[in-house]
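Morning, everyone. I've got one model to walk you through today, so let me put it up on the screen.

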Amino acid sequence: MADALIAITVLWGFVFIYAVMATMDFGAGFWSMIYFNREKTRATNIANRYLSPTWEVTNTFIVALVVAVYSLFPTAAYTFGTILLIPGSIILLLLALRSAFLVFSNIAIEYKKPLTYISGIAGILIPGLLISVLPITHGAYIDYTNGTANLNLQKLFTSPNEYAFIGFAITSTLFLSSLLLADYSKASHEMEAYNVYMRDGRILGPISLVMAFLIMFTLKKEVPWIYDNMMDDLPLLLFSITFFFIAGIGLYFPSFFQKGVSGMPRLSVIAVTIQYLIASYVYGKAHLPYIIYPNITIESAFTDPNSFRAVFITYIIGFAILFPGFFYFWRLFMNDKKYLRQKS
Amino acid sequence: MDDLLIARSLFGTTMAFHIIFATIGVGLPMMILAAELLYQKTKDVDYVVMAKRWTKTFAVLLGVGIPTGTIAGVQLSLLWPGFMEVIGRVMPLPFQIEIYAFFIEALFMSIYVYAAERIAPWMRITSLILVALGALGSAVLITNVHAFQGTPTGFRYENGQFLDIDPWAAFFNPSFFVTAIHVALSAYVVGAFVVGSVAAFKMMRNEYGSRIYKFHQKALMISLVLGGIFAFLTAINGHESAQYLHEYQPEKLAAAEGLFETQSHAPLAIGGFTDRETESVKWGIEVPWALSFLAGNSFDTVVVGLNDFPEELWPPLFIHTLFNVMVGIGSLLILISIAGIIWRKLLKKDRFPKFFLWILVLAGPMAVAAIEAGWIFACTGRQPWVIYRILSTAESATTATNLGILFILFIAVYVILGIAVVFVLLYFFRKNKEMDDIKRAEEKYVRLFSSNS
Ligand code: HDD
Ligand code: HEM
Ligand code: HEM
């Protein structure tokens, strides 16, 4: 494989990992706000128990993502920097409020409610803005004057395609996080919270599927080149939808493994993740060779080969060093019965 | 204001805000570690209580340090795309490796706080060491980018092209070690004196000899001893930093000292203001020959003056004041800790005079001021370059206009976060008194670390 192709694959991998983690993170913050007043179900406690130890780690992925863009594709970083000034700054401002108030809400107990509301609302807006980077890279909203690129905000925010992306980001954030929290509640033996999150998942699953179709529908009209490329992989897209239906089995059917429990949330989480993986692979492949259509391609934006080699080596070493840390972390917070089933 | 000036002010404001939390974020884990180790050695529960209370503080500060750092990292690309394009091509390694340091800090910080009661004591200490190393590593690595901006190496630059790129040579640029060590040591100075400030303040508020008074007195002594050692090392290493400026960025040193004429036996100007008209430092104290000696360890050293450079390449002259503030505070902090330690340990007095406690209360904010002055000196003193003699700040800036509104929004958010973080810390420690924690700790610290009220 050419170096540039390896690099874009690594970048795509980071985007995918961040997308899944951020979904869980922002979604959990939102649910913790929604169920704030329903103390009996403990749905808020479950969301917080997941969120408290993980948000910092999730945040680091967004930094990793930005760093990966400029170290692998510096020329693209130049254009991104220029066109994303406004949306990027808004994301940063929301992110600052959301992270800070999330931490504060766990410390200043008496003011927990307003603090949770601020961080929950700021948090749910972020995925919608983050995903807007995708339609922006399709090129239709960028004006070029004297060779410099500028984002045309008016064009962006009057496009149905942009709203389809935003809608998809928000509904799938809520969908995936409710599945994950259902699974987490089950592991924690919090059956009331479990039922709440399963109900949310059942409602949100079909909605986010509709949103995905809306994206395809608007893409066909507005960005035919991507749409056509994606349709070349129609079998894969259909295959990915199968996983969506497997997720449905996990949601609507009684458990095969446990008597008297309805739903198999872990099956759904895994199936939905695989579905997203396949679908985003198809989307990413259709996007190539452009990073930003039509001027920036992976070849033209690629970094110096020496730098690429050095960065790639640090990826391998860094991963080898961090992996045990991630594993230990997972064991302590996702898989330790004592942590999951604590009382207060 | 034109857009370039706004971009510079916006980025400078972001950094000036982030650095408060970042520096304490490097210094505080060192203090927590010291307290944990003292606890293991003495089994005095006061030390574990200190560790817990400082950890809570650290966790709250992280809530601002991490998002503002994220802003800093992304804003670099948004405001200085030309700069980041070059960095991505030539100097990607520090940012890349820094990510791993962030991960280590984030993973083990959560483990130290949220799993404290479920893991073995040795694992707690290991987690804490990893948090401290992660924080130190991220500071050292980000500083390396700054070092590269002053002493760029690892490439050939011809006709606007970067050729023969060697990212490791860029990584180990000449001023990397000196600069990184200076930043690390000065962060420990800040960590120690900030803790000392709070302890001194609490000693005035509590009855002499009471349990709580003694608790804070122990904390104060740790901070005086560690702060003194690190302040001394910072000064020695700062001297070496100045020698590097003499060698690699002579116009910055000249502006820092207000020196216009190139000369041997150059005088050192302390205080005062650089006057462009008379080409001299007004109202300062001049120490004859001292600058030559500081720059090259001999009075014969020829120190280059500003007049050897075209005026449009001069750094702003006010950096003289910033340099003085940093060095002045550094020297003062050394004196304060020596005085405190002599009073307690040699003269065996067990009570500090009130005015001295007030000086100690001021020492923490002063250390933070030294950091601010040092950084603004270092970044503004590099002007008009963003990468010394390679890339100018103006060329690297974003082409976008109307940055004013963004500037206002970011400042508003920093004000909100700044007020909120002080409020939350005060709230937490008002609800969660020293005695509550000491009691918890004495009951074989059942859930000391995860206790919230
Ligand atoms: C507690 C903070 C603190 C203290 C007490 C000192 N410094 Fe410092 N200094 C810094 C905190 C700092 C800093 C904020 O960390 C800087 C800014 C950029 C950098 O690399 O470190 C810095 C930069 C810096 C530079 C510029 C490096 C550059 O521009 O590349 C010099 C020459 C010195 N220092 C010299 C000194 C001397 C001679 C000191 C004698 C006491 C001293 N510093 C104390
Ligand atoms: C954290 C403490 C820091 C503070 C308080 C600080 C302060 C400032 C200030 C005030 C400016 C505006 C300078 C001017 O235009 O007059 C600036 C510019 C800049 N700084 Fe720093 N800085 C810090 C650290 C760093 C570090 C570690 C880096 C390296 C990544 C860095 C990179 C830059 C860049 C790229 C600019 C913009 C271009 C320029 O004006 O030269 N800064 N900083
Ligand atoms: C030399 C000055 C700096 C020091 C000592 C420093 C140190 C730190 C530390 C210790 C943290 C961890 C959070 C905390 O403890 O508060 C942090 C966070 C962060 N800093 Fe800075 N920093 C500096 C300048 C910068 C600059 C110039 C950038 C931008 C390139 C930056 C980017 C970040 C980012 C992205 C984070 C968040 C990391 C995460 O998501 O976990 N820092 N910084």
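Let's start out on the surface, with B:Lys348: its relative accessible area is 66%, so it's exposed (that's over 50%; under 20% is buried, and in between is partly exposed, with a 1.4 Å probe and protein chains only). B:Lys348 isn't a glycine, yet it has a positive phi of about 55°. You'll find it in the loop between helix H11 (319–346) and helix H12 (354–380) of chain B. Helices here are DSSP runs of H or I with at least four residues, strands are E runs of at least two, and both are numbered from the N terminus.

Quick housekeeping: this is a predicted model, where local features need pLDDT of at least 70 and side-chain atom pairs count only at pLDDT 80 or more, while totals for chains, interfaces and linings use all residues. Residues are numbered from 1 along each chain as its sequence is written, chains are lettered from A and ligands numbered from 1 in the order written, and side-chain values use heavy atoms, without hydrogens or water.

Most residues other than glycine have a negative phi, and most peptide bonds are trans. B:His265 also has a positive phi, about 50°, and it's partly exposed at 27% relative accessibility. Over in chain A, the bond from A:Leu288 to A:Pro289 is cis, with omega near 0°, and so is the one joining A:Tyr293 and A:Pro294, at about -5°.

Now the metal. Which residues coordinate the iron atom of ligand 1? B:His182 through NE2 and B:Met326 through SD, at 2.1 to 2.4 Å; donors are N, O and S atoms within 2.8 Å of the metal (3.2 Å for Na, K and Ca), and with water not among the atoms, sites may look incomplete. The pair sits 144 residues apart, with B:His182 in helix H7 (residues 176–205) and B:Met326 in H11, both of chain B. Both are buried.

For polar contacts (N or O pairs within 3.5 Å), B:Lys252 has a polar side-chain atom 2.7 Å from a ligand oxygen, and B:Ser186 has a side-chain N or O atom 3.3 Å from an oxygen of ligand 1.

Conventions
Polar contact = N/O pair within 3.5 Å; in protein donor to acceptor, adjacent residues only side chain to side chain.
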